[in-house]
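Keep the structure open while reading.

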Amino acid sequence: MKKQIMLLALALAMSAEAGAAQSENLAAAPLMKPLAQQTQAALWASRVLSRYHYKPLPLDDAMSEKIFDRYFKSLDAEKLFFVQADLDQFAGARSRLDDAIKGENLSAPFAIYNLYQQRFDERITYARELLKSKFDFTQEESYQLDREKVAWPKTEAEARDLWRKRVKNDWLRLKLAGKADKAIRETLDKRYENYLSRSRKLNNEDVFQIFMNAYAMSIEPHTNYLGPRASENFDISMRLSLEGIGAVLQTRDEYTVVREIVPGSPAGLSGKLKVGDRIVGIGQGESGAVTEVLGWRIDDVVAQIRGAKDSVVRLDVLPADAGPDGKHAAIALVRKKISMEEQAAKKSIIEVKDGGVKRRVGVIALPTFYQDFEARRRGDKDYKSATRDVARLLGELKKDKVDNVLIDLRNNGGGSLNEAVELTGLFIDKGPVVQQRNAEGKIDVESDTNTVRAWSGPVGVLINRGSASASEIFAAALQDYGRGLIIGEPSFGKGTVQTLINLDRFGPGNNVHYGELKMTIAQFFRINGGTTQLRGVTPDIKLPTMADSDTFGESSYDNALPWTSIKAAPFIPAGDLKEIVPLLERRHEARVAKDKDYQYLQEDIALARKQRKDNVMSLNEAARRKERDAQEARTKLREQRLLAAAANGNDDLVVISDPKDVLNKAINKASIKAARIAALKGAMRTDDGLQGDERALAAELDAEKAAKNDKDVLLDESVHILADEVSLLKTDTRLASRVLPYAAEAAK
């Protein structure tokens with residue numbers, strides 16, 4: 001499915017986690033109306049955007065038309081709910097949304113949303129009615145998977161037929177998974193009822209945020225409006241900490257369920273709260289009244305559980321193993337600062353057999369460029385920082401005597417610019433890292449001033465299409481300096497700078513909350529003068545491209561800024577890897593030609609591309625069974641080969657997560673083998689036709705664990721490439737001194 005508007009996805013994701021319906025017949029959704037502070041926030045946002053944005057565009061009739069189209073698309077990207085007549089009904093507002101914002105009258109966008117909610121109810125109600133009938137799976141018809149580029153349904157009849165095919169496809173998936181008609185009907189009826197319940201939990205803040213993002217993203221893709229709650233969540237994601245109890249929650253049916261307990265947190269240390277427990281009530285302090293939270297939105301429940309450090313929260317809990325009428329447990333916990341370690345940098349060591357020699361490659365996975373801005377500002381010496389964490393891990397890897405280091409930035413969407421600059425400084429002496437050009441054309445150069453290198457040996461960077469912004473700055477800088485080998489697929493292509501502007505400053509008092517703008521104010525340029533915008537970073541050694549550039553990445557946006565260039569910044573290269581790249585490519589190509597796992601991955605990518613291109617799913621049972629049987633036959637052959645290889649230990653890689661905890665390599669190898677076998681068995685499951693919250697929680701968690709332990713073909717090959725680099729550098733000292741003087745010095 002093509003890109004989704006980021007904050008729309010956020011709003012819908014929060015509601016999608018909300019509780020399921022509690023009755024057969026839900027009351028009609030209340031009509032949404034804008035609040036006074038929202039109309040004021042829209043006005044102030046428009047003044048800021050039209051004056052201070054990197055690409056300022058006036059809020060006029062032309063912009064109104066863009067907002068109109070994007071707003072409808074935001075609400076109904078797959079064109080499943082509205083019909084063309086609905087858009088025609090609001091044709092008068094198409095060129096007047098600018099006046100609506102300036103005049104602080106948002107009745108039109110809220111009326112559009114109210115119509116969307118009405119159509120949503122009608123479509124889902126019709127879908128549930130269809131479950132009472134029988135489908136003919138012998139017919140030759142198909143269902144279009146991606147409808148983003150098609151026209152809106154012209155008539156109600158066309159829309160209903162679309163939904164008939166959608167429900168038929170849902171039914172067929174469950175039927176192919178072996179479900180009986182009665183079970184299918186019950187599963188789908190509950191699923192569609194849940195859709196209705198979740199949609200009812202959207203509030204006017206969500207609607208306003210969707211509309212404002214339609215405006216902000218009509219200017220440029222990375223400009224967004226953050227409502228008060230979204231702003232808080234963004235801040236948490238940057239500092240990797242919050243104050244709460246340390247429980248990851250989700251909604252299953254009407255319950256808020258504990259999905260994970262953070263080790264060392266109040267919830268973990270208490271030993272009282274367990275995975276699968278259901279939180280049905282929350283009380284504040286030692287004696288505050290307990291409020292029932294059955295059927296609440298997940299973010300509303302989370303807001304009640306979070307609170308000031310050292311304060312008490314009391315939970316009314318229905319244990320995981322208790323029935324609906326089981327005995328409840330009362331649990332009191334003291335809130336503490338919770339570190340989100342899952343998103344922090346982590347290291348492992350992978351040993352590679354290279355003939356009779358073993359090469360040790362240290363891998364540092366960095367999910368985001370995080371920094372606790374507020375803690376740094378107030379002088380907290382222990383403030384959270386991606387660079388500080390990576391520097392510590394590099395120090396540990398030095399002691400572990402690794403030969404090469406791989407920085408894994410796959411799906412790292414960026415974060416702090418300052419962290420990207422400082423992280424680059426861990427690998428170079430000093431010098432420029434990135435250039436910025438603002439709206440006035442002024443160019444500033446961000447430089448590393450620290451002359452101490454944390455790592456002088458060879459280094460590689462693994463990127464994919466999900467590597468964006470700060471990830472691209474870091475990868476581009478190491479590439480331009482000739483310091484590191486870039487491996488993977490072309491990156492996202494986000495070469496713009498955003499800043500947060502708190503709109504509350506324009507409010508009449510402290511009690512008014514307008515939210516924030518994440519606004520583009522500048523453009524990044526590499527130190528060689530080119531930009532990462534649109535084109536991204538091109539790897540030195542390319543691996544199979546997983547993503548579809550037409551649907552994911554900067555080039556998929558219809559209003560992305562173009563690629564351009566400026567004058568290069570003066571810098572002294574640290575090396576020149578051009579001579580060694582062809583040598584590594586030859587070894588890489590020879591190895592993957594014999595690597596079955598790599599070939600399987602290429603087959604899967606080719607199949608996915610074909611499916612995207614075809615964009616249809618047959619609704620004929622015989623045809624679908626044939627497709628499923630062919631897939632299962634392929635899967636079974638792979639499973640047999642991979643299980644045999646794992647059981648026999650036919651793997652030239654050994655992963656050591658923490659060398660200090662490994663008694664000996666034989667024990668470690670056995671644990672890796674066992675994990676890989678378990679991963680293979682979990683990963684080979686066929687489509688069961690269910691959605692995430694329709695499976696048992698234990699089964700979902702087991703599947704996620706298996707996926708984490710599954711063989712990472714691209715990481716393994718990247719490690720092999722870096723091991724090859726070490727081999728070449730160590731066997732040819734002249735080559736080493738030419739291509740990577742740092743490494744040659746470090747080896748002496």
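Predicted model: local features only at pLDDT ≥ 70, side-chain atom pairs only at ≥ 80, totals over all residues.

Residues are numbered from 1 along each chain as its sequence is written, and side-chain values use heavy atoms, with hydrogens and water left out.

**Helix pairs**

Helices here are DSSP runs (H or I, at least four residues), numbered from the N terminus. Axes are lines fitted to C-alpha atoms over the stretch in contact, and angles run from 0 to 180 degrees between N-to-C directions.

| Pair | Axis separation | Angle |
|---|---|---|
| α6 (residues 107-130) and α8 | 9 Å | about 170 degrees |
| α18 (residues 596-614) and α22 (residues 713-731) | within 10 Å | roughly 130 degrees |

The angle makes α6 roughly antiparallel to α8. For the other pair, the angle makes α18 oblique to α22. The cut-offs are these: under 35 degrees is roughly parallel, over 145 roughly antiparallel, 65 to 115 roughly perpendicular, and the rest oblique.

The crossing of α6 and α8 is left-handed. α18 also passes α22 in a left-handed crossing. Left-handed means that the near helix is turned anticlockwise from the far one by less than a right angle.

Which residues of α18 and α22 meet? D597, Y598 and L601 in α18 meet V713, L714 and E717 in α22. By class, this contact of α18 with α22 has 4 nonpolar, no polar and 2 charged residues. Ala, Val, Leu, Ile, Met, Phe, Trp, Tyr, Cys and Pro count as nonpolar; Asp, Glu, Lys and Arg as charged; the others, Gly among them, as polar.

**S199**

S199 sits in helix α8 (residues 181-200). Its relative accessible area is 9%, so S199 is buried. Buried means under 20% relative accessible area, exposed over 50%, and partly exposed in between (1.4 Å probe, protein chains only). Beyond its neighbours within four places in sequence, S199 is in contact (heavy atoms within 4.5 Å) with Y113, Q117, F120 and D121. The S199 side chain also reaches the backbone oxygen of L196 at 2.8 Å. G246 is 47 residues from S199 in sequence and 28 Å away in space, C-alpha to C-alpha.

**R695**

R695 lies in the loop between α20 (665-683) and α21 (697-709). R695 counts as buried because its relative accessibility is 16%. Its side chain makes a polar contact with the side chain of D688 (2.7 Å). A polar contact is a pair of N or O atoms within 3.5 Å; within protein, one must be able to donate a hydrogen and the other to accept it, and residues adjacent in sequence count only if both atoms are side-chain atoms.

Notes. Helix = DSSP H or I, 4+ residues; strand = E, 2+ residues; numbered from the N terminus.
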